[in-house]
Amino acid sequence: MKRYVFRRLFVAIPSLLIASLIVFSLPRLLPGDVVQLMLEEKAYGKDLDDLRVKLGLNRPMYIQYVEWLGQILRGDLGQSLWTSRPVLEELTRRLPVSLELGVLALFFAIVIAVPIGVLAAVRQDSPADYAMRSMAILGLSVPGFWIATLAILLPAIWWGWSPPIQFTAFSANPWAHVAQFLLPAFILGIASAAAIMRLTRGTLLEVLRQDYVRTAWSKGLRERVVVLKHSLKNALIPVITVLGIQVAQILGGTVIFESIFGLPGMGRFLFDAINQRDYPVIQGVNLLIVTVVVVTNLVVDAFYAFLDPRIRY
Amino acid sequence: MDQSASSLTRRDMLKLGGAALAATTAGIGPLAAQPAAAQTPKRGGTFRLRSHVPPVHFDPQQTIAFSTMIPLSLAYSRLVKVKAGSAVVPGTQPIEGDLAESWERQGDNIYVFKLKKGVRWHNKAPLNGRELTAEDVRYSYDRFLTIKGNANKYILEMVDKVEAPDRYTVKFTLREPNAWFVDRLASTSTWVIAKECVDQYGDLKKPESVVGTGPWMLKSYEPNVRISFVRNPSYFVPGLPYADGVEIILSQDPAAGFAAFLSGEFDFGPEYGMVIRRSDLDIALRRVKGLGMRDYIVVFGGYTAMKIDQEPFKDVRVRRAFAMTDNWREVLETNAWSQGKGAPNPLIPAALKDWSIPIDQLPAEGRKLYEFDPAGAKRLLAEAGHPNGLKVPIETTPGYGPDWMDAVQVALRNWKSAGIEVDLKLKEYGAFVSSALFGKFEKMILTLRGGTTDPDTYFTLFLPGEPLNSSGVNDPKLTEMIKLQRRTFDDKKRREILYDIQRYASQQVYYGFGVSVSAVGAWMPYVKNFGPNIGHDYGGRLMVAWLDK
């Protein structure tokens with residue numbers, strides 16, 4: 001198992017390096033020049049060349065990239081071109097909010113999807129199965145931001161009530177702090193839940209048709225034991241793989257949900273940075289997201305190996 | 001002489017304008033505010049309002065962002081300010097003393113201001129409530145004019161020197177006469193700041209460096225969450241402000257903002273300018289009994305810039321043909337903010353009602369361009385050598401928002417009705433504002449203007465050498481008229497010159513001006529003596545208002 005984990009870790013390093021190259025280059029390929037934007041605001045330099053030198057953007061791109069990599073290895077993500085604030089400092093403040101939202105969304109996705117998926121598989125082709133599958137299709141097809149907007153607006157129109165859009169710190173009011181994440185996390189988790197539910201149902205149905213499951217039935221085991229103990233563990237292997245992919249999707253979704261629900265996480269920070277072509281911020285946030293996704297997939301792979309020992313060899 | 005210059009981040013304000021595209025006048029419209037003069041003011045409570053953009057930072061001399069100037073309007077003062085209250089007609093900018101007790105013009109170029117005595121800085125380090133002196137004012141304007149990177153410097157560019165002959169007197173000497181000088185001092189960027197803060201913090205970007213003489217003191221700033229203010233107990237106007245505090249909630253999503261307004265989390269309309277969309281009005285009226293409202297024309301409006309030194313726009317008949325097919329009524333009808341209510345703009349936005357010429361006072365040649373007439377446009381194009389119509393590349397950005405793109409679609413369809421085929425090129429917002437607005441485009445752009453409340457600033461589009469003169473106008477007659485109005489102190493005569501400029505410009509069509517929407521300023525029924533207006537002086541408007549609950 002240790003060898004397997006080390007091997008995966010080793011593979012993660014080139015993945016991160018390639019990702020860092022993409023993360024570095026892509027913002028620079030966007031139309032619109034940060035130097036021109038900053039000069040338009042007039043407060044940052046006397047002319048384009050002066051400003052480019054000030055920002056260190058006058059040097060060849062590969063030199064900028066190598067320097068940036070060096071900075072990262074020293075634990076420095078650089079400074080915002082606009083505010084001169086360290087990117088790491090900003091991320092340290094905002095990351096917990098995004099993570100809290102993401103983790104809660106994932107929690108809701110699993111809690112909703114797995115039981116329903118199991119139930120749908122066990123009651124295959126029953127009205128309940130059809131109803132649950134229809135709900136899943138709905139969850140997949142309706143955009144989360146639309147549900148979020150309705151969830152905020154309709155109660156306000158009908159009853160004069162809206163969920164809190166003012167962020168409350170944990171230290172100020174722990175209950176209010178957690179409560180403000182519940183609705184956005186639930187809605188954010190719905191799309192992922194729909195995908196996971198369908199996969200859980202599909203894989204469980206496949207497993208339930210395996211010979212060893214038939215043997216379990218013929219031994220006279222109870223349905224609960226056959227399904228939950230003998231079948232579900234194997235059915236969950238692909239589901240766990242997909243969960244790793246869902247992490248990336250959920251992290252992407254936080255950008256919109258943070259804006260809608262007034263949560264001061266990384267999403268808004270990234271959105272503003274893209275608009276302003278604030279390269280160090282875009283790079284820093286994206287690198288962090290890439291790292292979280294890579295690490296999550298690493299954990300998923302390790303867990304996968306735990307569930308199915310054949311994978312280690 | 002009652003217009004104040006204002007300071008916005010052009011990019012931010014134009015974005016806002018994209019949503020709020022067009023509107024007019026209304027001064028006293030169907031939704032007129034009830035004067036609260038007869039009521040007895042109540043002390044206490046906290047105003048809660050929404051801002052969708054966090055401040056860039058807190059140094060007013062290092063940014064033009066409205067998101068910075070709005071919170072600073074609560075904590076700082078300037079020499080003169082725009083009068084506020086429910087009796088003030090939106091779109092007018094009557095000037096009154098702020099730190100200045102009185103002022104006089106000596107000759108054409110010298111202004112002397114007498115300061116109020118006993119004005120104290122906020123009782124916070126490093127000022128600790130010391131008295132404000134003329135030297136503070138001199139320092140503020142000196143820094144304003146000399147600090148590198150003050151994008152608002154142009155507001156007081158006519159100032160040659162500032163002196164403090166005694167403890168309570170400030171003297172400004174101008175390089176050349178400028179009739180807009182006092183109005184420009186009322187701009188929401190010319191705040192009087194403290195040297196001690198600059199010395200201590202290096203600049204004024206940090207929230208702790210916000211120490212002013214204004215009605216409220218900055219208590220805390222939670223980035224992307226809220227900005228909190230508490231009442232300044234030693235504010236120099238006795239009895240003011242009435243409210244104990246102000247909370248600006250930073251919330252980006254407009255639907256969430258409106259929902260929070262309906263559920264009573266905000267005391268004022270959630271959009272910029274404390275307004276609500278007209279399309280939301282019915283719901284708001286149903287949910288909030290006795291909602292305070294007043295409609296007024298916003299300053300923003302669309303405009304087209306053209307390469308007037310190139311074909312086909314060299315020919316004024318082509319420019320007029322474009323103008324004649326701009327169906328401003330349809331634009332207003334399809335806009336969620338206005339739902340048909342608003343006004344067409346001449347050169348000076350209709351929102352600046354004291355200076356903008358009514359369309360019916362334009363010469364016939366200019367006036368008829370405001371009537372949708374595709375057949376007339378076709379005739380003009382034929383006369384100009386385009387009997388089969390023409391095809392033109394036009395650039396714009398979807399970055400101004402969906403309301404803007406709706407207006408663009410209306411324009412394209414109407415141009416087509418006159419045989420004008422448009423090759424629409426959508427540019428990314430950042431790329432567009434950093435190039436097209438400065439004249440870097442092929443033939444024509446569709447964009448937005450607005451944000452400043454000083455009519456004179458709208459003439460920069462027409463002055464040779466100005467970076468924003470994107471059409472490349474170089475008309476000596478127009479230039480001379482613009483300079484003449486700056487030298488004319490008599491309001492009546494100056495208004496006449498401004499009207500003449502607008503009459504002349506309406507016929508030349510160096511730019512095509514779209515409409516401005518009529519927005520609805522809204523506040524909860526328990527908010528008294530509040531009057532919405534154009535500009536960012538939230539502090540001034542809130543200072544005289546109170547909560548009756």
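This is a predicted model: local features need pLDDT of at least 70, side-chain atom pairs count only at pLDDT 80 or more; totals for chains, interfaces and linings use all residues.
Local features need pLDDT of at least 70, side-chain atom pairs count only at pLDDT 80 or more, and totals for chains, interfaces and linings use all residues. Residues are numbered from 1 along each chain as its sequence is written, with chains lettered from A and ligands numbered from 1 in the order in which they are written.

**Exercise 1.** Work out which elements chain A has.

Start by counting: chain A has 12 helices and 0 strands (DSSP runs numbered from the N terminus: helices are H or I, at least four residues; strands are E, at least two). Next, size: the C-alpha trace of chain A spans about 85 × 60 × 35 Å along its principal axes. Then check burial: 37% of the 313 residues of chain A count as buried (20 or more other C-beta atoms within 10 Å of a residue's own, with C-beta atoms placed from the backbone).

**Exercise 2.** Find which residues touch the most other members of the largest nonpolar core.

Such a core joins buried Ala, Val, Leu, Ile, Met, Phe, Trp, Tyr and Cys residues through C-beta atoms within 7 Å. This one holds 228 residues, and A:Ile196, A:Val285 and B:Ala75 touch the most other members. Now zoom in on A:Ile196: leaving aside neighbours within four places in sequence, its contacts include A:Ala109, A:Val114, A:Val239 and A:Gln246 (contact: C-beta atoms, placed from the backbone, within 7 Å).

**Exercise 3.** Is helix α8 of chain B mostly covered or uncovered?

Count first: 7 of the 9 residues in α8(B), residues 316–324, are buried, so the helix is mostly covered. Among the buried ones are B:Arg319, B:Arg320 and B:Phe322. Finally, the cover includes β13 (301–306), α11 (374–383) and α12 (402–417) of chain B.

Definitions and conventions:
A residue is buried if 20 or more other C-beta atoms lie within 10 Å of its own, exposed if 12 or fewer, and partly exposed in between; C-beta atoms are placed from the backbone. Two residues are in contact if their C-beta atoms, placed from the backbone, lie within 7 Å.
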